[in-house]
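Subject: Structure handover

Hello,

Please find the structure below. My notes on what was found in it follow.

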Amino acid sequence: MKKLSLSLFIFSFALFSASAFSEKDIISPSAGTWCNQQALVLAPSDASEVYYSFTGCDPFESGFAYDGPVLLEEKGDVCVRIGVVETDGTKKEFEVKYTVMAAALSSLETDARTFAENNLIKSPLITYKSGTEFSFPNGFRYSFHKDRNPFISQKLKLDDENSIERFTGIFITDGINNYHSVIRILPAEVSSDESVLRKKELPFIIRDWNNFVFTDKKYIYQIDYEMWNSDYNERIIDRSVAHTVQWQSVDFSANNKVCEYTLPPVPETAFASLGEGKVVLEIIGKNEFTFANGLKTLNAASFYGEEAECVYDAPVYMDGILCGKIKIPFVIDYLPPDEPVFTASGNSNFSRNTVALKIAREVGAEVFYAVSKPVYYEEGRNVPSDTEFAVPEEFSEYKGGDIVIKSARGKSSAYKVFAYAMDKYGNKSSVAEQKYIIDEFNFYLGSGSGRAKGDGSFMKPFTSFEQAVKEINSSDGETRLHLLSDVEVSDGNYTITKDCIIYGNGFKLIFKGDSSLSIENAVVQIKDCSLEKRSSLSSLCLMEVKDGNLLLNNCEVSAFYNEDGKLMEAINSDITAVDCGFTMQVNRISMCAEFSGSTVNVKGCRFTSIGQTVSAVKVRNCSSVFEGNTFTLIGSICKGVDIAGGNASFNADVFKGESDGKYKNSGTVFRNGSCKVTGLETIFATGF
C-alpha cells in the first residue's frame, strides 16, 4: 500500500476564537440515559462568569459559580442549566437533560462487574497518566463521540511525551449498560527540578503580561523614552509591542552602569498536527519566551478514536520568570474517517463490459484506491468466495468522476477494488473492498419459479428462455448460455440469430405446448443438454435450422406427439451431431430429422423413431457422413436413412428394426434418384 507523508498543518492563534463559549465546551454531562452519575466539566473559556444549576432553576438567579469539575450526585431525570456571561456582558444559557438509572450488573462476568463498580459507577471521573495503559474487560466498547456507537475495545494509551493536562468525555458500554464518563488526562511525572528554566536576575516582575512592578529600590528605571523614575507601584504596560527597560543605581553618578533588558511583545503561538493524534504546540519567533519545560514547544496527544477542539492555558516564561498564561487553541484528531463507499454503474457488482465506479467519502477526506489484477474463473461458475485478490502495492488518489474497469474480452473475470480515506490530520480509515464481476458473453438461465427477473449473471440468472434468447440476439459476439437447472420453455417459436454456445450442464430445456426453437444465419453449439417436447397437438418441428450451423454434442433430443411429428429440420445448413440421442414417438408418422441442401456429419449417435410410419433421417441433396450410429425403428413401415440426391457415406452404423413385416418398403438405407452412397458393406442390420 502506498505510504503517504503528511505535511505539518500549522494554524495560528488568530484562526480560533477561544472566547465564545458554545455547546462543544460542555465536556460533561451528556444528554442520554446512563448507568452512572455525571460530572459537570467545562472546557476553559474567557467568559468572565459561569454559573450552573442541576435542579432546573435559573442558573443566573440561584445557581452556583463554576470554578472546576463538579460531581452531580443526582439520579433519575436531571436537568442541568449552564449560564455564561461573556466578557462583553453577553449572557448565554445552555441546557443538558439526562437520566441516571441503576446498572444491571447481575448478568455480567465477575471482572466486568468489578470494573464497572470501581471505575464507572462510583465516580464518573477516570484519571489517566500519560505513558501508562488503561484496559477494559472483554465485551466493553467505547467511543469519544456520542454520534458513533462504541466501537473501540483497545487499551487507552498515550506516549509519555504528552505534556498537556485536559479532560475528554467517553461513552462506554458493556453490551447491557451504558455509561458516560470523563477522563482526566495527566502528563507523565516530571521532575521538580526547575533548572530547565534559565534563570536571570531582573529587578522587576511581570504578572499576567501587562502588570509590571519594578521591585529593586536600589535602582531607578525608565521604560522606553520616559523619564527616569522610582515608581515601585504596579503599573500597566502595553504588551502588544516591545519595550526597553533600563535601570541604574539611585546614587546618581556619571559613571553609573546602565543595565538594559528588552521585553518582547506577547508571543504568537501555533500548533502543528504530526498525524496519529499527535500535536506540537509552539511559541513562534526568536524571543526569550518558553514553556515550563524550558522549550518553545509542548507535545500533546490524543487517544485513538478521539477528535476534539481543545484550549490549553499554557504558562509562559521569560528567562525563568513567569509572565502569564496564553490560551492556545488546538485540534486533537485521532479519529479515522469512515470507510469510502463504492457506487457502481447500474448499482450492481456485475457488468457485461465495463464498470464505472464512483467513491463517496467523508467530507474533507481524501480517498486513495487501487484495482486488483483480474482473476479468471471457470465458465458456468461463480467466483469462489475464497478466491484471493492480491492487494496492489500502489494506491492512486481519487480525483472524483468515474473509475472505469474494462472487461477481459471473452473471459469471465473478477476484480477487487480497494480504497481508504485519509483526513487532513493523516488519519486513515480501514480499507474498504468490493468485488466486481465483468463478463461480456456468459449468461445464466435457471428456473423462474418464485424468483424475480434476473440480469443473466450467475448470481441473478435469467428466469425464462425468452430473456436468454433476447440477450443472445442483441449481443455483438459469440455468447455462452449456461443452464443452472431444468427450464420450461413456454409457448412460442424462439429464433436464435446470433452465434452462441448453450451449455446444458446436464439439465433440460422442456418445450411446452407449441413451443419450438429456430436457428437462422447463426452458428449455434449445444452441449450436455436435453431438449424435450413432452406433448403436442400439432406436428410443429421441435428444432429448425435455416442457413445456419448447428453442433450438438452429448445431447438428448426427444419429443412425444399425438399425431405426426418431426424432431429436427435443416435447410442449407451445416449440421454436426456427436454422441447424441434422438427419440421421436408419435401415433402416426414419425421422423427424427430431415435435412435439405446441407452438410451433415453424424457420429456416435442414437436415433429412435416410434410410430406407424417411421424414419430416422431423411436427407435431400446433402453431403452426409454417418459413423458409428445406432438407428432403432419401431412401427409398421420402418425406414432407416432415406437419401435423395447428393452423397452419403456410412461406417459401422447399426440398424435395428421392429416391424410387422407387412410392408416391403421397410429397410435400412433407401436411395431415390441420383445419389452416391458408400460404406454400405459396413452396415449391420437386424429386424428388417
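Strand 27 (residues 321–333) is mostly covered, with 11 of its 13 residues buried. Buried here means under 20% relative accessible area, exposed over 50% and partly exposed in between (1.4 Å probe, protein chains only). Helices (H or I, at least four residues) and strands (E, at least two) are DSSP runs, numbered from the N terminus.

This is a predicted model: local features need pLDDT of at least 70 and side-chain atom pairs count only at pLDDT 80 or more, while totals for chains, interfaces and linings use all residues. Residues are numbered from 1 along each chain as its sequence is written, and side-chain values use heavy atoms, with hydrogens and water left out.

Two strands pair if DSSP finds at least two bridges between them. Strand 24 and strand 26 pair over 2 bridges; Thr-290 has Tyr-317 of strand 26 as its bridge partner.

On the cores: a nonpolar core is a set of buried Ala, Val, Leu, Ile, Met, Phe, Trp, Tyr and Cys residues joined through side-chain atoms within 4.5 Å. The largest has 66 residues, and those with the most contacts inside it include Ile-526, Met-543 and Phe-650. Strand 55 (residues 613–627) gives the most to this core, with 6 residues. Apart from it lies another core, of 35 residues, among them Phe-204 and Leu-263.

On helix 2 (residues 110–121): its buried residues are Ala-112, Phe-115, Ala-116 and Leu-120. They lie on the same side of helix 2, because they cover an arc of only 100 degrees around the axis, taken from the directions from the helix axis to the C-beta atoms. These residues pack against strand 10 (125–129), strand 11 (133–134), strand 14 (166–173) and strand 15 (178–186).

On confidence: the mean pLDDT (the predictor's confidence in each residue, from 0 to 100) is 89, and 93% of residues reach 70 or more. Over residues 1–18 the pLDDT is below 50, and this stretch has 46 contacts (heavy atoms within 4.5 Å) beyond near neighbours in sequence. Where pLDDT is low, the predicted coordinates should not be read in detail.

Regards
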